[in-house]
Structure formats: structure tokens, C-alpha cells
Amino acid sequence: MQKKWWHGKVFYQIYPKSFKDSNGDGIGDIRGIIEKLDYIKALGVDLIWISPIYVSPFVDQGYDIADYQNIDPIFGSMQDFDELLEKAKALNLGIIMDLVINHCSSEHKWFKKALADPKSPERNYFYFRKGKEGHEPDNLRSYFGGSVWEKVRGEDDLYYLHYFAKEQPDLNWYNEDLRHKLFEMINWWLDKGIAGFRVDAIMNIVKDLNFPGLPKDSGSDGRCAVNQMTARLASKVGPFLQEMNEKTFKKHDAFSIGEAFSVNPQDLEKFIGDEGFFSSIFDFSTRELNESFPFCYQYRPISVKDFRESSFKAQLRANDIGFLAPIIENHDEPRGVSYFLPAMWQNSQGAKALGTVNLLLRGIPFIYQGQELGMTNTQFNSIYEFEDLNAQDQYKACLKQGLTPTQALAILNRESRDHARTPMLWDESTFAGFSNTTPWLKVHQDKEILCVKAQESDPHSTLNYYRKLTALKHDPAYQELLTYGLFKPLENPSDFTICFERVLDNKKIQVFTNFDTHSFEFTVNNKAQVLLSSGKGCLAEGKLKLNEGSVAVLYFED
Ligand code: NOJ
Ligand code: CA
């Protein structure tokens, strides 16, 4: 494997709207991030991914971009951004931006021109199609509900394509001019000095230009979820990604990470091998367990065993190919501690053990803001407290399915994306030190316990444990092993343990976590020493006894 500068790095994802508000409007912003750079540095991460801060009408919280080369005023200005970049660099922190290029906003000048003038070149930057037999051109259901086709106003039978909201028209990657414009924009940002990009929804750029649709799925609307089409076309996306890499990332030696669902296992090398399209792709294997269920009321809860089996499988596949990026949550997910762990471990103990898995699996780990505090899901008491358009759609779908409002609310309280988007908890004050006014989204109910201020001074806090984890990842004595060491499952005595090892030459790091209700005893190498632990355990004479809710990281040389 060719060594690259990003190997062994740890990333921190910032959701800017919810990180820190510097000017008292209830919305996080760039100057807020600047204020907290020392905090981020002290967490021990190397790079920051910032979710979109470009000009946007915020129909999908900035994932609907109206101008790729300007900052939205709610976040600040380009001067603020330049200052952030400079100050981050001074702290040796890299910044990667979000690249949302499957679609733009219906407010983007390209789309406005395309609508205004059917003869304009921009008309071909999008997909405009006539209906079929009085219907939309196909029966696919958008990610946010309803058809992927929206009627063009004032036209009888003309539609444009949007895989996400109708305000997010899909860009036509088969148009060379458009690709050229996108690559220019990417290079413009890279020339500015950012370290790379997280590439949004990228598997969706490939289309079947006949728009044949698919047999209807389990929904009652006669449609089929659009991700099924994306999965079928997955093997065809290569040439676009290859070209993008050649013309942008590769030239700058930039880091690129794909939000790439449905990659065929046999294509993994093309994606993340030495000459891969991306530096890495997120490991979404746990999320993919629910992929065939388009509605949130159909989702099945993911157990510790599901988490273990699916992420172990992904790890084994990637072992000698490249690096996946392990995550336990992001801005599109409920909090990992609430989603993956049994109720009794949805606390600091569980958070530390799950965090250990996240950081010590093979790959390039991403920590999502607030994860290092052990943030759990926020309690939402009414549908009106949710902001996400997807939550609103899913709520309606639940009611249509015959669920009561209380049942629908309970489902969103388990699964909504807004759980990850509630304000970062800096202190115990009314607005959690995030803002001095009511924030745009409600504040977590446990701010007093979870906030940074409370955890800073507690040596046993989740936050201080995460700092130890990042320090271990970077410890010169173990860095090589924790970066390149192969992943191997260890024997797991229960459905509630996650035990694995990393192996490089004669060196081994073994990770034992116990989310069960009783202790376990593991036979281990009698030269093993404890590098890190939390909870209660004891290592003596080749036996590790690990109590419930505990984690231990061992090291030895054979
Ligand atoms: C994935 C992003 O992470 C999500 O937040 C967004 O809604 C969709 N892509 C559309 O851009
Ligand atoms: Ca603000």
C-alpha cells in the first residue's frame, strides 16, 4: 500500500448551524468555529469536515447550494472563512469542505437560466423530460418522499428530475460543460488551501437515461425508492469518478471521502485502492441494513450484534484494499449511543466503549460533534419541534400508514436526523453556551451533565476519554500498528460484546467491549498490558475479566 499523508489521521465533523453561534442570532457560524478551534485541537483530531456553508435557501440545511463559491451570510463571509483556514493551519488542523454536486438548489443561477430559456446551455445541466402517458417519466420515489419528478410550472407535460427535495434539481453529469464547471469550482477551493472534500450523495450521479423506473416496493404509492435505482447503476459510476479524481483531487494530493452507498464489494478497490477514486469512503454498512425499507416506520432497530457483524464484514473486505471511514453517527443519523446500544448503556460508559470501537477499527475515523460528549438523542415533544424536512415527510408517511401521532412521534424520536443537529453543549446555561438566544433547534435535555464545561474538569468524563483515545491513535509507539495493522475479529462470547484485534508483524492491539449485563473472562496473552480502559476490569496471568459496560484495550508483542 502506498503511504499517504492522511493515513492515521482522525477527523472531526462540524455541523456549522449547531456548533457555536458568535453573533446572537441562534445559528452557529464561522466565527463560532474560530472561537472553538482550541477546543477542537485539544480533542486531538487532525482535520475538520464542515458541512455546507455555501449560499443556500436552506430547504435541506445547506445541502441545496445556490452559489458554490460564496459563503452564506448566516455563517459569515469569505473573509471569515479565510481567517478560519489560516487559524486552523496555524494549529496544524486541516479543513475539508462538503461537495454537494449530485444536485444544486433551484435558486442556483444555472437552474434559473435553464427554466427561463429552453435553448440555454444550462437547460442541459439538468434533466428535463416529457411525461409518459400522462404521468411522471418514471415511478421512482425521491429520498424525501413523493415523485423524483416535479412539473415545470407553466408547461403542460414537462418535468425536471430531483432525487432529493424538489428544490434540489439533479445535475446532469452526462453534460461535459457542466462537469468542467464543477471541476473548476473544486480546483478553486483546493487552490485556496483546503485539504480536500467530503463528497455528498455521489453514487446518485449516474442515471439510466431511458428513465425506465422500477417495480413498486412496499410503499402504498406505487413507487419504488430511488436508492434502488442508484444501487443497480452503481457499477457504472466509475468513469465520472475517475475523471473527477484525475482533474481535481489527485492533482492537489487532496483528501477525498465519498458518501458512497451501495458500492459493490468487487468494486471496492476501484473506490479506495491505491489508485482509487477516493481516499476513503464512509462505512455505512450498519445503515445499509435498513436500506430496503424506505419508510421510517419499517426500520428495524440495530442491535450490538448487527453493528458488530456488519462492521466486521466491511472491515474484512477492506483489510488489504484500503481504508474505510468508521463512524457511529453523522448529521443524517440519530446519535449512535441511542441507536446501537441497549438502554442500560446509553450513558457515558457505553459512549466510551462505542467510541473505542469507532476509533480503533481499521480506517480513518470520523467523530461527529457532540459524540465526544456522549450525546444521546434529544427528546422531541411534538412534530413542531423538528426542523428537518425529512422528519416532516416521514411523519406524514407514518400517519398515512395508520399510525397515531404519538406512535409517529415515538418513531421520529428514535430515528430523526435532527437528533444529531441539536446545538453543541458547551455549558449548563439555558442555551448551553451555544448562543445567547433561543437556538434554531431545541437544546438537549441533559445539557448539565453532558456539556463540555462539566466534562472538562472530570478526569473520568467521556470527553477526557476521547482525548485519551485520539492520543493513543497518535502515540508514535502504536501509530503504525493502529494505522496499517490488519483487522481481525476476536471470539465474541455474547451478542453484546464487540471484540477485535489489530495486527502488524509481531504486534497486536486487542479491543474488548462488553455491553452485556454481566462480566466476561477472556483468555489473553500473558505478556499483554492495558493501554486504555474504562469501567471495571482486571488483567492477571493471561486472564482479562471485564465487567458489564466496560472496555479494555490491550497490547502485546508475540
Ligand atoms: C446527504 C447529506 O448528508 C444529507 O444531509 C442531504 O440531505 C443529502 N445528501 C442531500 O444532499
Ligand atoms: Ca450566528
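1. The donor residues of the calcium ion (ligand 2) follow the sequence spacing D-x1-N-x1-D-x1-I-x1-D. The model is predicted, and in it the protein donors are Asp 21 (OD), Asn 23 (OD1), Asp 25 (OD), Ile 27 (O) and Asp 29 (OD), which lie 2.2 to 2.4 Å from the ion.

2. Turning to ligand 1, the residues around it are Asp 60, Tyr 63, His 103, Phe 144, Phe 164, Arg 198, Asp 200, Glu 259, His 331, Asp 332, Arg 417 and Arg 421. By class, this shell consists of three nonpolar, two polar and seven charged residues.

3. Several polar approaches to ligand 1 can be given with distances. An N or O atom in the side chain of Asp 60 is 2.5 Å from an oxygen atom of the ligand, while a polar side-chain atom of His 103 lies 2.9 Å from a ligand oxygen and one of Arg 198 lies 3.0 Å from a ligand oxygen. Of the 300 Å² of accessible area that ligand 1 has on its own, the protein covers 97%.

4. Cys 104 is buried, since its relative accessible area is 0%. Neighbours within four places in sequence aside, Cys 104 is in contact with Asp 64, Ile 65, Tyr 68, Phe 126, Glu 167, Gln 168, Pro 169 and Leu 171. The C-alpha atoms of Cys 104 and Asp 170 are separated by 6.8 Å, although these residues are 66 apart along the chain.

5. Arg 179 is found in helix H5, which spans residues 176–192. Is this arginine, Arg 179, buried or exposed? With a relative accessibility of 12%, Arg 179 counts as buried, because the term applies under 20%. A polar atom of the Arg 179 side chain lies 2.8 Å from the backbone oxygen of Trp 173. When residues up to four places away in sequence are not counted, Arg 179 touches Trp 173, Tyr 174, Phe 240 and Glu 243.

How values were computed. Residues are numbered from 1 along each chain as its sequence is written. Chains are lettered from A and ligands numbered from 1 in the order in which they are written. This is a predicted model: local features need pLDDT of at least 70, side-chain atom pairs count only at pLDDT 80 or more; totals for chains, interfaces and linings use all residues. Side-chain values use heavy atoms; hydrogens and water are left out. A residue is near a molecule or strand if one of its heavy atoms lies within 4 Å of it. A polar contact is a pair of N or O atoms within 3.5 Å; within protein, one must be able to donate a hydrogen and the other to accept it, and residues adjacent in sequence count only if both atoms are side-chain atoms. Accessible areas come from the Shrake-Rupley method with a 1.4 Å probe; for residues, only the protein chains shown count as cover. Ala, Val, Leu, Ile, Met, Phe, Trp, Tyr, Cys and Pro count as nonpolar, Asp, Glu, Lys and Arg as charged, and the others, Gly among them, as polar. Helices (H or I, at least four residues) and strands (E, at least two) are DSSP runs, numbered from the N terminus. Buried means under 20% relative accessible area, exposed over 50%, partly exposed in between (1.4 Å probe, protein chains only). Contact means heavy atoms within 4.5 Å. Donors are N, O and S atoms within 2.8 Å of the metal (3.2 Å for Na, K and Ca); water is not among the atoms, so sites may look incomplete.
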